[in-house]
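Hello,

Here is the structure I promised to pass on to you. Please have a look at it, and then read my notes below.

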Amino acid sequence: MVRVSGLASGMDIDQIVSDLMKAERMPIDKMKKQKQTLEWQRDDYRSMNLLLSEFNNLAFNMTLQSSYSSKTVSSSDETKVKAAATSSAANASYTLSNVTMATAAQSISTSIDSSMDPTKSLWSQRGSMDSSVWTEKTVEQAAITLSADTSTVKLAKGAVSAVNQNTGTLNSISVTTDGTSKAYTVRIGTAAGIINSNEVFINEDTGEMTFGTTLTSGSTIEAFSYQQNVLNFSVTTYDSTGKATGNIQDGGSTPFEFDGSTSLNTLLTQISNSKVGISAFFDEGTNKVVMTRKDTGNLSSADSADGSNMVFSGGFLTGFLQLAGDAKGTDAKFTLNGLETTRKSNTFTTGGVTYTL
């Protein structure tokens, strides 16, 4: 095919074709303009519908009593007291005077040995504690099948004190390889020293076992039991009605158990996260543990002889930390329009007005 340009023929063929196509595209261009117009109309209808809906809601709300019964309240000094009123509040002025704010019960331990590191396991620092704070607990170690050649295997728990069998002390741990069993003599301590080929050393702090020979992949360390050192103690707190917040089966107290590999910081964090309602932390500046009720007020049991808000039991709390058992919070006291009264919390509602001291 031979294309003759406009230069040779005297006609601009490209322009002629372009003009012809413009004529063909006119219906499509018209439809695009109509589409755009319809989209603008749709958006305008949506805007009007939204405005009408808001107007309808406003008109409906004007038929409700709550729209006309809402109350506003102001405080002459919001740095001392804030207030919010409900629709049931009377149109009146209230005067608060002689205010004593509610406080939370707090107990502070004696100073802990300055060498105590709150980030390390408590069992590894047992020299700073009386041995009576520890309780031995039997741990059943399941059989361990090795997936690679190794000479070190870690027990499920650390803080090991002894390795036991059903009767007496288990002096050896059995390892089965290709159907053949070999007994390794157990040695427990903090320093391994030289480990003979027929020995297994157990680090009593970490629970890591080190065998005197390399155990091959597929070998099985047979199941056995051992004694682990744990801390057992309990805390009892009370709600505003004087009811203990703990378990009924535990006499209302909340029991805690921590293995010796737990650090002091972790122990205190778990107490703070429990349902006992106490914030606990260790202060490095004074080497003291502080336990504070999360709720203010004198929250004690009606049956309590001394009115303590926090009751501690267990050698770790009462012996090592020597936390006071007579901690008490105080109720908020104030005079409201001449009436002397008290509240457990610094936020309370009366007469349809909520006050925050």
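Helix H2 covers residues 13–61, and its 49 residues should span 72 Å at 1.5 Å a residue, which agrees with the 72 Å between its end C-alpha atoms. (The expected span is 1.5 Å times one less than the number of residues; helices are DSSP runs of H or I with at least four residues, strands are runs of E with at least two, and both are numbered from the N terminus.) H2 has a kink of about 45° at Arg25, shortly before the proline Pro27; the bend is the angle between axes fitted to the seven residues ending there and the seven starting there.

A word on the source: this is a predicted model, in which local features need pLDDT of at least 70 and side-chain atom pairs count only at pLDDT 80 or more, while totals for chains, interfaces and linings use all residues. Residues are numbered from 1 along each chain as its sequence is written, and side-chain values use heavy atoms, with hydrogens and water left out.

Next, there is an open sheet of 3 strands in the order E1-E21-E20, paired antiparallel (a pair needs at least two DSSP bridges). Strands E1 (82–85) and E20 (347–350) are at the edges with a single partner strand each, so one side of each has no neighbour in the sheet. E1 pairs with E21 (residues 353–356) over 4 bridges, and Ala84 has Thr354 in E21 as its bridge partner.

Finally, Gln227 lies in strand E13 (residues 224–237). Gln227 is buried, at 9% relative accessible area (buried means under 20%, with a 1.4 Å probe and protein chains only). Its side chain makes a polar contact with the side chain of Thr138 at 2.5 Å; such a contact is a pair of N or O atoms within 3.5 Å, one able to donate a hydrogen and the other to accept it.

Best wishes

Conventions. Buried < 20%, exposed > 50% of the residue type's maximum accessible area, 1.4 Å probe, protein only.
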